[in-house]
Amino acid sequence: AKWVYGFGNGTAEGNAGLKTLLGGKGANLAEMSNLGLPVPPGFTITTEVCAWYYDKGKTYPDDLAQQVELALAAAGELTGRRFGDAQNPLLVSVRSGARVSMPGMMDTVLNLGLNDVTVEAIGRAAGDRRFAYDSYRRFIQMYGDVVMGLDHHAFEEILDEVKDEAGHSLDTDLSTEELISIVERYKALVEEELERPFPQDPMDQLWGAIGAVFESWMTARAQTYRRLHDIPADWGTAVNVQAMVFGNMGETSATGVAFTRNPSTGEKALYGEFLVNAQGEDVVAGIRTPQDITEKARLEAGSERPSLEVLMPEAFAEFQTICDRLEAHYRDMQDLEFTIERGKLWMLQTRSGKRTAKAALKIAVDMADEGLLSHEEAVLRVEPQALDQLLHPTIDPAAKRDILVTGLPASPGAACGAIVFTSEEAEEAKAAGRKVILVRVETSPEDIHGMHAAEGILTSRGGMTSHAAVVARGMGKPCVSGAGALRIDYRNGTLSAGGRSLAKGDVITIDGASGQVLVGEVAMLQPALSGDFATLMSWADEVRRMKVRTNAETPADARAARQFGAEGIGLCRTEHMFFDGDRIVAVREMILASGEEGRRAALGKLLPMQRDDFVQLFEIMHGLPVTIRLLDPPLHEFLPKSDEEIAEVAAAMGIDADKLRERALDLEEFNPMLGHRGCRLLVSYPEIAEMQARAIFEAAVMAGKSTGAPVVPEIMVPLVGLKAELDLVRGRIDAMAEAVAKETGVAVSYQVGTMVELPRAALRAGDIAATAEFFSFGTNDLTQTTFGISRDDAASFLGTYQLKGIIEQDPFVSIDRDGVGELISIAADRGRAVRPDIKLGICGEHGGDPASIAFCESVGLDYVSCSPFRVPIARLAAAQAHL
Ligand code: ADP
Ligand code: MG
Ligand code: MG
């Protein structure tokens, strides 16, 4: 079999298409060589050898050694040298390279092949003994550290001692003699620590380094990184062995890194840094301060030290030409590594450059304008999730961070305000025009108004799917949840962490992107929704098939969603309207009424409030579809708890408080989420559905008149499992429609449909579609009921499931295609079989998750609905899913 792929001198056995086999670095070295760019010759040992190494008890294929020797000889021939030769030795670097770039893997070993004999030979060949010993001391340190496992500090101590003794501040000041003495001391150190000499045989050195690359694939560091980035362990790494070129051959030599465009702003300008008389990682290691590559960047930075452009104009000009060529060839911004040896430029690496969301957007739009990409390709270039960074204020990367504590990055964006500990305080502060951060151990539905009033939310308990996290994401508020090290003392109005204590009123800043909680006010950058963002979104809209709606119940959310491009409301959760201010008392009266009459009286109080809500929403949505879900949560959630609350409701109802308390106790449930909720409430108390339907129809008439753009309300019945449930509720709705039409003289067109959120509903979708004009997949509950896992409790064990590889992803974050997805696809098919034009959509957290959106596209849903701040993400993800 072929285990080794050579490259160099304008050709290569591999190419950029072979990343799986050659790793990213190897495939791109081959590609650059094929393009005729100056790449030092070398070869790549494939990832298949890595797989062999681990499958077969850490051994190599029999014919590997021979293939390596041949490839080594070929590389030597191209450079006019021989590996291990005493007169004219070839030196190489040994570099790891997985399919995707992966910190945590083995560090590169440079100058391999040096020993006490070859060091003199390369010194003679270069006419520079100092350079030879500089390379040798670097080699022993690198090899000792990454291959032999010695602590690099021990080497650095020796280096510092010699520098101190000689009174030098920089490595470049060291004389030949001093370097020779460093080499001697390094070798002695190795021998002392390991009780064997530093390997002098270049072949031994080479196989030691190759083995170390394969070993590094399974280090704890690498495994952790893979787990965090969903990289499978069986990918393996390749090994690149490449002839050395030397950036440390004096003042006409240099090494550097560059991006073809600015990776933080996206600006179209070569951007990078270099060091004269240096090697490899010196630039990133911060040994000396690097210099700017272009004159433009130097001027902008106000640096005194000359740019590469001025210092080595010829090498610079060639480099710039190569940058342009590579960018045009790969049609993407490139991240490059290069070395200049005595004025001659060598390319050592190219890959697609990492960039901020802002840069990604600008680069995609610019490249399309430059004709490098089509609009479709540009749309595919920006990761939808990355837009999150752009839609919220973010902490200025240049700002200083004084970290108090770190929790989970539960909802993106940064927010700053004074600490408050209750929702009431948050509301008061908001009314007084003050900005606050609501700090709670955890939040509950009663905190919704406080969360709305606050700039951001911080909790000490709860995971990424806790109440605080889910609601904050829905509102587009920054949130840090589960900051376990945070101690909150409600009584004294203080919080503390890491030995520091802050009080109510003290200012903090939370960073929902990193989970950091910072002391004081920190500078922020505001989002920009125009320019490149608007351009790319318009291209996305051109190609997408699915509509994107929003989940919204407040005018503020509805307005925000329209600004973000929502094409209607896919889910208006009416119960959220019931927690507001005085309404909760009327709601409690309704729930606790002893009979239908009392209930109707309380509902009568709610009707005008509910109608007003809908009028506002309908006006804002201006003719776009609005799906309103009838009352869904267990009544349990609305029950008064404190004595104060009970007294308040009792007074309003004119009954005895103790009596009321008893009734409230009667209504408590063991398992409310599987209890008296959803359409079950409406079956028990159809007058609730009637009130809500009346409010909807009357509001539709009013908003139709005021805007001239009549909405078509879509009335959604939650938690249906049986067709008969829907039939009963639909009967009441239809009757109310007729009644309102008669009273107002305006017949509103409307639809009645259902949430599909129970497995039974999905399976019996054919029956249900006879009555339902639309289905909306309520995937939060559908996931909960399909798995039988309570999403409020899942955080405590789903993490373990992920660690142990039982599930790959949290099914509450990204849809479980195999199970929940199959139910959705069954329901879609069976529903369409009975009612071909049935409208299908998804609401719930998954509606804003790109992977779930791709699934929705694959089953042909008509729309996705998500929280306002996720609307742009969904627009882009829906476009990508359709391409
Ligand atoms: P990483 O993946 O950490 O970037 P690399 O394998 O790219 O590691 O090596 C790091 C640096 O080592 C390169 O940027 C380059 O400066 C230097 N280097 C690697 N191979 C050679 C070589 N053959 N000649 C000169 N320098 C090299
Ligand atoms: Mg590199
Ligand atoms: Mg539900």
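How many other C-beta atoms lie within 10 Å of methionine 524? I counted 18, so methionine 524 is partly exposed. The rule I used: 20 or more other C-beta atoms within 10 Å of a residue's own means buried, 12 or fewer means exposed, and in between means partly exposed, with C-beta atoms placed from the backbone.

**Ground rules.** This is a predicted model, where local features need pLDDT of at least 70, side-chain atom pairs count only at pLDDT 80 or more, and totals for chains, interfaces and linings use all residues. Residues are numbered from 1 along each chain as its sequence is written, while chains are lettered from A and ligands numbered from 1 in the order in which they are written.

**Whole chain.** I found 35 helices and 34 strands in the chain. Helices (H or I, at least four residues) and strands (E, at least two) are DSSP runs, numbered from the N terminus. Of the 883 residues, 51% count as buried. The C-alpha atoms fill a box of roughly 105 × 60 × 55 Å, taken along the principal axes.

**Around S26.** Methionine 524 sits in strand S26. I checked its distance to threonine 494, 30 residues away along the chain: their C-alpha atoms are separated by 26 Å. Valine 522 is in the loop between strand S25 (516-519) and strand S26 (524-525). Valine 522 has 20 other C-beta atoms within 10 Å, so it is buried. Its C-alpha atom is 7.5 Å from that of cysteine 416, although 106 residues separate them along the chain.

**Two positive phi values.** I looked up aspartate 230 next. Its phi is near 55 degrees, a positive value in a residue other than glycine. Aspartate 230 lies in the loop between helix H9 (220-228) and strand S8 (237-243). Is aspartate 230 buried or exposed? It counts as exposed, because it has 8 C-beta neighbours inside 10 Å.

Leucine 719 is not a glycine either, and has a positive phi of about 55 degrees. Leucine 719 is in the loop between strand S30 (713-717) and helix H28 (723-744). With 24 C-beta neighbours inside 10 Å, leucine 719 counts as buried.

**Helix H3.** H3 (residues 64-79) has 16 residues. From first C-alpha to last, H3 reaches 23 Å, close to the 22 Å expected at 1.5 Å a residue. The expected span is 1.5 Å times one less than the number of residues. I listed the buried residues of H3: Leu64, Val68, Ala71, Leu72, Ala75 and Gly76. Seen down the axis, they fall within an arc of 140 degrees, so they line one face of H3. The arc is that of the directions from the helix axis to the C-beta atoms. The face of H3 turned away from the buried side carries the exposed residues Gln66 and Ala73.

**Helix H23 and its partners.** The axes of H23 (residues 596-621) and H27 (residues 686-707) come within 8 Å and cross at roughly 30 degrees. Axes are lines fitted to C-alpha atoms, for helices over the stretch in contact, and angles run from 0 to 180 degrees between N-to-C directions. H23 is therefore roughly parallel to H27. Angles under 35 degrees count as roughly parallel, over 145 as roughly antiparallel, 65 to 115 as roughly perpendicular and the rest as oblique.

H22 (residues 583-592) packs against H23 at about 150 degrees, with the axes 8 Å apart. That makes H22 roughly antiparallel to H23.
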